[in-house]
Amino acid sequence: MSLYPVFARPRSLDQAGEVLGSLSSGAMIIAGGQEVMPSVNYGMLMPEVYVDIGQVKELRGITEADGAIHIGALTVHRDVQDSDVTRSQVPLLAYAAAQVGGGWQVHNRGTIGGNIVSMHPLYDIVPSLLALDAEVDVLKDGTVDRVSLSDLMKDASHGLGSEALLVRVVIKPMPSGAGWAYEKLKITAGGYGSANAAAIVAMDGDKIASLRLVVGAVSELPQDLSQVLSNCFGQVWSDSLASALEAKVCDAISNPLSDHQGDGNWRKAMAGVVARRAVAAAIAKAR
Amino acid sequence: MGEAVYTNDFNFPGQLHAHVLRSPHAAAKIKSVDVSGAEKVSGVVRVMEGAEAAELLNPIPHYIDPAVFGGRSAKIRCLAKDHVWCFGQPVAVVVAEDKRTARYAASRIVVDYEVTTPVIDPEEAVKDGAPKVVPDWDANMIMQVPFANGDADAAFEAADRVIKTDVKVHRFSTQPIETRTYNAVYDAGTESVTLYGTVQNPHPLRNVLSKILRMPENKIRIHAPVIGGAFGMKMHGHPEEGLMCLLSKVTKRPVKWVEDREECLLIGAREQVHSVELAVKDDGTILGLRDHYIANTGAPSACPGWGMAFLTGLTMPGPYAVTDLDVMLSAVVTNKPSWNASRGYGKEVTALALELSIEHAARELGIDPVDIRMKNFIAKDQFPYDSPTGLIYDSGDYAGVLEKALEAVGYEDWKAQQAQARKEGRYIGIGIGYELTPEGGTLPGTMVAGYDSSSVRVGPDGSVRVLTGVTTPGSGNPTGIAQIVADELGVPLDSIEVVQGDTTTCPYGFGNSSGRSTIVGGGSAAKAAQEVRAKIIKVAAALLQAKDEDVTMVNGVISSKGGASIDLEEVCYACYTRAYDVASVIEPPLEATATFKPGLVRHTPNEKGQINPYPSYSNAAYVAISEVDVDTGQVKLLKFSAAHDCGKVINPILVEGQACGAIMFGIGGAMSENIEFDANGRQLTKNFMDYVMPRIGDMPHVALAHHDSPNPVTYMGLKGAGEAGVGGSAAAVVNSVNNALSSFGVMMTELPLTAPRVWAAIQEAKKSAGSQREGA
């Protein structure tokens, strides 16, 4: 906590790593500022040091390499929505990025990296990334390691740690013919979601061949329920299967959030509703 | 035109900034306050806590003192001393070179609290043995007020049925985008202080500050610049007003305080619990009304908020011709933060309580919601109408207004769509709300005045300056007043400049409140303009060698019957410069001050002890069409209509802007805006993510219609247009949701209707329907 904070602006990934390694826990990484600045303005955060990574060019942009899509941590939601690469190869993510609340200003400033590392339960990007089996590159102690996002998202209380930096997100393209949907339930236009679900479905004729489903905004971390729903494989989508799926999802939410976005009972029920709607929409889109 | 300069845009040499330290507890004794840590922070100029402030400042006089009306009155201090009675109460203040330093230093103040048990629920607060909010009061009650008339017991005896409806209106407020801001500038040379502030009522505040600061009024100047929304919240009595003046005086430098959003959300309103009973006949005739209601006004305050609870009862039974009445207000204090005035000023809660109850009665009796209202409205030939609570309604055509609103929404068409949707498993609802909004109010013995004054000055160049005692909360009344003066004088609109909100230049006046500004500001400006016009015409007649009555002035051109004409500027110049020849027929300057005092107000109590504080009774009908997603409880508004009787409309754009704004308030209150607390009385709602106002995407298309019945006692038949609509539109929304879910038997009367609540009500209804089936 300091009235006169220090401001550091590394110009390369190496410099950023060095700066972060040399600082204590009072350092605050700032990129798009959509998470940090409201807290600072509110007096909730008074960091000793700001490390502004906005000038680290390696962290920005969407590229294709080794059959995967690389999205730099500083890539803003607007670019994720509009890029030909994301729109054609991971349309689920491009669509989810468009559902981020707060309007154009947030879409133009907020970054995919900030969205992930804040580990905010109500944010829109992570459920889709988990459904896509995304991996992330993390810089720590001078080396970059690739880890699965699901491993990183196991614990909301630690995050990356102030000495580490998220470098990029790595995603495999969605299989051709797969259906997808992101369903977000909001109590008011432009606000946070109260429940959301990302679904990817592959069909074998009129039967479900595979199903990925991640439910967000209802518990402290997004929940990947694909395993729970494996009995849907080989079945034809019907009203009774939809009801069964909805019930299974509700049951799987054991510790629902209860906050300004709605009480726990309702959130648990809504997890089932958005899951059912997302799967139905994904199936309708699958070829 | 030009740019708007708000209070926070004013900065002066040596400008200092204040931060207020607030209580984190709802109820506690203050054992000690140690400010030494804050004083050590570099950049801090002055720190003050409650004991010192109590020595230097008198308590804040009440805007409306409950004692004047026989109630309990508490001593209100700018900073808490000895104890705190609500979360967020100011405890100490830091003044520093910049705002961040002041905030940081405030975190270094150590307050030793002994936390006591708070009372949050108003029904708990009135029980024996409840903790006392005000230590020296014998009960947690500002006052109990009966609004009784006729023989309610006999009416209930004679009724075929009694329909009981518990209406719970939650705490929601008004949130201007510009929060409160005060910048006090002390002038040591004249030993006077100027307060630049977000102030709705500059002269009355000056009177209050003179008492707090122990300074004569002529040493205090209030300057209220353009305001970024007020809605009643910027009516005075706030601790920071006197505090900033004092801090400027002791530091001899300008001191500014800007409220943050969390602080702005501390100001509550509207929280009331009603138990409405309607005595009805099977044909829908309402014979009697009983409603013993409780208002949770929070901790005592010098602001006029508590009076809202009084107005709720006074406005019963709204537009309905019910005379046998047993209504009783209990205005309760608790350890929640205080209220301040809030658009609707209690009348919105009357509308909610009545309209939800009538909808309930219509359903129980199997009568169409339109028919039950038409059956019970006061007829248009009954005006002026003596209400059972002592009000005198000036004019109206309630049935005509409702018909126009139904037509504007396309009522019959929506009924057909509703039936079709039901077949498809979709739930569309149609809801009606009516609101009677007494406006232009005045209370005896308070600075809530019914009249106001304006000066009209025409310069030697023919330009016009209008100075008014009324001010604007951003609603555009200066435009309306300029239009009125332009018409009365006969000059172009763009030659008129309206000056408001400065106690040094403007006539003594009472600012804006209660939808009064165009009625009394416009009325008094018209009278003053007529006087000045007479002078101009006299001199013009002398110049044109014509008779006064043969001279006309239209759009700045003065002509005589004989065809000769002369420019306004030439006449005005002559008025000022030829006082010994052609202008000797008048007394210069071209200036007049006039007062407009509308009729109908009766402050002398009648034989029942009732007064009529209002000259103007606006009213409006609202129709909401909504669709409910029964899986999620989400409500989507499909269409909205309103028909408004605000008397003569001076400027349709301004009136429609006010109406749409009020509808958005009503939708927010009905659906999502809610100030919440934990069990210990700590406020949980801190920002616009928590306090969910409707976004533009939540707004349906609003079809507006006017149905004017001119007010016989105001200039040109004006009624207030700024305050009406919050309750009527909220009621229409709630009724539409209940209508959509009528097949489930859902009847929700506790606001707000958030998606989780609507969903829970559907689940509950399904469950009880299921258990009934099992039982059968």
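## Strand pairing, helix packing and the A–B contact

In chain B, B:Gly288 stands opposite B:Asp324, a residue of β15(B). The model is predicted.

**The five-stranded sheet of chain B**

Both strands sit in an open sheet of 5 strands. The order is β7-β15-β14-β13-β8 (chain B), and the pairing is mixed. At the edges stand β7 and β8 (161–169) of chain B. Each has a single partner strand, so one side of each is left without a neighbour in the sheet. On average, neighbouring strands of this sheet are turned by 10° against each other, direction ignored.

Helix α9(B) lies across β7, β13, β14 and β15 of chain B. It runs at about 170° to β15(B). How many residues of helix α9 (residues 307–314) of chain B are buried? The count is 8 of the 8, so the helix is largely enclosed by the rest of the structure. These buried residues are B:Gly307, B:Met308, B:Ala309, B:Phe310, B:Leu311, B:Thr312, B:Gly313 and B:Leu314. Their cover includes strands β7 (141–149), β13 (272–280), β14 (286–296) and β15 (324–332) of chain B. Helix α10 (347–365) of chain B is also included in that cover.

Neighbours within four places in sequence aside, its contacts are B:Phe147, B:Ala148, B:Asn149, B:Gly150, B:Ala152, B:Leu289, B:Met316, B:Pro317 and B:Pro388. B:Asp368 lies 43 residues from B:Leu325 in sequence and 24 Å from it in space, C-alpha to C-alpha.

**The four-stranded sheet of chain B**

Another open sheet has 4 strands, in the order β18-β26-β27-β28 (chain B). Its pairing is mixed. The edge strands are β18 (427–439) and β28 (701–706) of chain B, and each pairs on one side only. Neighbouring strands here are turned by 15° against each other on average, direction ignored.

Strand β27 (residues 634–645) of chain B runs parallel to β28(B), with 6 bridges joining the two. B:Ser641 has B:Ala703 of β28(B) as its bridge partner. Helix α12 (residues 398–409) of chain B lies across β18, β26 (616–629), β27 and β28 of chain B. It runs at about 35° to β26(B).

**A hairpin in chain A**

Strand β6 (residues 135–140) of chain A pairs with β7(A) over 6 bridges in the antiparallel sense. A:Glu135 has A:Ser148 of β7(A) as its bridge partner. The two strands form a hairpin with 2 residues between them. A:Asp141, in the turn, has a positive phi of about 50°.

Is strand β7 of chain A well covered or hardly covered? It is hardly covered: of the 6 residues in β7 (residues 143–148) of chain A, the count of buried residues is 0.

**Two helix pairs**

Packed helices are described by the angle between their axes and the distance between the axes.

| Helix pair | Axis angle | Axis distance |
|---|---|---|
| α10 (residues 239–252) and α11 of chain A | roughly 140° | within 8 Å |
| α17 (residues 652–671) and α18 (residues 726–740) of chain B | about 50° | 7 Å |

The angle makes α17(B) oblique to α18(B). The crossing of α17(B) and α18(B) is right-handed. On the α17(B) side, the contact includes B:Ala662, B:Ile663 and B:Phe665. On the α18(B) side, B:Val726, B:Gly727 and B:Val733 are among the residues met. By class, the contact of α17(B) with α18(B) has 10 nonpolar, 5 polar and no charged residues.

In chain A, α10(A) and α11(A) are therefore oblique to each other. Their crossing is right-handed. A:Leu245, A:Glu246 and A:Val249 of α10(A) are among the contact residues, as are A:Lys268, A:Arg276 and A:Val279 of α11(A). The contact of α10(A) with α11(A) divides into 11 nonpolar, 1 polar and 3 charged residues.

**Where the chains meet**

The contact between the chains takes 16 residues from chain A and 19 residues from chain B. Which element gives the most to the side of chain A that touches chain B? Helix α11 (residues 264–285) of chain A does, with 4 residues. By class, the side of chain A that touches chain B has 9 nonpolar, 6 polar and 1 charged.

Notes:
Residues are numbered from 1 along each chain as its sequence is written. Chains are lettered from A and ligands numbered from 1 in the order in which they are written. This is a predicted model: local features need pLDDT of at least 70, side-chain atom pairs count only at pLDDT 80 or more; totals for chains, interfaces and linings use all residues. Two residues are in contact if their C-beta atoms, placed from the backbone, lie within 7 Å. Ala, Val, Leu, Ile, Met, Phe, Trp, Tyr, Cys and Pro count as nonpolar, Asp, Glu, Lys and Arg as charged, and the others, Gly among them, as polar. Two strands pair if DSSP finds at least two bridges between them. Axes are lines fitted to C-alpha atoms, for helices over the stretch in contact, and angles run from 0 to 180 degrees between N-to-C directions. Angles under 35 degrees count as roughly parallel, over 145 as roughly antiparallel, 65 to 115 as roughly perpendicular and the rest as oblique. A crossing is left-handed if the near helix is turned anticlockwise from the far one by less than a right angle, and right-handed if clockwise. A residue is buried if 20 or more other C-beta atoms lie within 10 Å of its own, exposed if 12 or fewer, and partly exposed in between; C-beta atoms are placed from the backbone.
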